[in-house]
Number of protein chains: 2
Amino acid sequence: MVMTKNLEISILFDFYGDLLTDKQKEVIELYYNEDLSLGEIAENANITRQGVRDAIKRGEVFLLETEEKLGFSKHFNELSQKLSKIKEEVENISSINSKTIYNSEIDLRVKEILKLLLEIDE
Amino acid sequence: MVMTKNLEISILFDFYGDLLTDKQKEVIELYYNEDLSLGEIAENANITRQGVRDAIKRGEVFLLETEEKLGFSKHFNELSQKLSKIKEEVENISSINSKTIYNSEIDLRVKEILKLLLEIDE
């Protein structure tokens, strides 16, 4: 059996990893984020390869089910796209303002919005 | 013992309610959202008052611990405040634009941003 490391699990781990058991959290972190092999994780954690495989599998199922129930990953993804579009439009306003009659008040507002968008992104 | 119904639980229920057991979900929904008394819930669910009280307590603890681990409620609250400020600033731009030289391109961008903010709010 070849387990494919998928990006989705890595993303869901960022969202819901703190709900996993310590063991699941550890092996998923090593497998997905540190890119260790099952064998290497087994050696480090002093459990069998099959034990590692099972813990990863259970963790993956939990993460996928949790996203199914809560949907925060999907939600943040959609939010992030909308915020990018808002940023684009704000930059358009800034550009129009510079090219036509330059209004310093509009410029101030634009800078404030870009600052807020940056804070959200952090 | 008087249980105080607090708003926080009601908010956390919206975020994480789908992670509760069916029973916890049911009693917390009836207690917090439908505002039924412990006695009324006990009668409906055909369990003791103490059983209801315990299920609510366990559910509350779970919701508070989940927020402690994931923090999405706090995160969304901060996000929401920043989005409100962005909306204010965009409305300021619109108002400055109307009062000074009216630029229809800026007006279009403003409308697009307000539409996106409204979509996020939904």
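**Figure 1. The largest nonpolar core of the predicted model.** The largest nonpolar core of this predicted model holds 70 residues. Within this core, A:Tyr16, A:Phe72, A:Ile86, B:Tyr16, B:Phe72 and B:Ile86 touch the most other members. In soluble globular proteins, nonpolar side chains tend to be buried together.

**Figure 2. Surroundings of A:Phe72.** A:Phe72 is one of the core residues that touch the most other members. When its neighbours within four places in sequence are left aside, A:Phe72 is in contact with A:Phe15, A:Tyr16 and A:Glu67, and also with B:Phe15, B:Tyr16, B:Phe72 and B:Phe76. Two of these partners, A:Tyr16 and B:Tyr16, are in contact with A:Phe72 and are themselves listed among the core residues that touch the most other members.

**Figure 3. A:Gln24 in helix H2 of chain A.** Helix H2 of chain A spans residues 22-33 and includes A:Gln24. A:Gln24 has a relative accessible area of 12% and is buried, because the value falls under 20%. Apart from neighbours within four places in sequence, the residues in contact with A:Gln24 are A:Ala55, A:Arg58 and A:Gly59.

**Figure 4. The salt bridge of Asp18 and Lys25 in each chain.** In chain A, the side chains of A:Asp18 and A:Lys25 meet in a salt bridge, with an N to O distance of 2.6 Å. A:Lys25 is partly exposed at a relative accessible area of 26%, and A:Asp18 is partly exposed at 39%. In chain B, a salt bridge joins the side chains of B:Asp18 and B:Lys25, at 2.6 Å from N to O. B:Asp18 is partly exposed, with a relative accessibility of 39%, and B:Lys25 is partly exposed, with a relative accessible area of 27%.

Figure 5. B:Glu112 and B:Lys115 form a salt bridge in which the closest N and O atoms are 3.9 Å apart. This pair counts as a salt bridge because the distance is within 4 Å. B:Glu112 is partly exposed at 28% relative accessible area, and B:Lys115 is partly exposed at 47%.

Figure 6. A:Glu89, B:Glu105 and B:Arg109 are linked in a network of salt bridges. Over all chains, the count comes to 18 salt bridges.

**Figure 7. Confidence of the prediction.** The model has an ipTM of 0.83 and a pTM of 0.85. Chain A has an average pLDDT of 92, and 96% of the residues score at least 70. Within chain A, confidence is lowest in helix H3 (residues 38-45), with a mean of 91, and highest in helix H4 (residues 49-70), at 96. Where pLDDT is low, the predicted coordinates should not be read in detail.

Methods: Residues are numbered from 1 along each chain as its sequence is written. Chains are lettered from A and ligands numbered from 1 in the order in which they are written. This is a predicted model: local features need pLDDT of at least 70, side-chain atom pairs count only at pLDDT 80 or more; totals for chains, interfaces and linings use all residues. Side-chain values use heavy atoms; hydrogens and water are left out. Helices (H or I, at least four residues) and strands (E, at least two) are DSSP runs, numbered from the N terminus. Buried means under 20% relative accessible area, exposed over 50%, partly exposed in between (1.4 Å probe, protein chains only). Contact means heavy atoms within 4.5 Å. A nonpolar core is a set of buried Ala, Val, Leu, Ile, Met, Phe, Trp, Tyr and Cys residues joined through side-chain atoms within 4.5 Å. pLDDT is the predictor's confidence in each residue, from 0 to 100.
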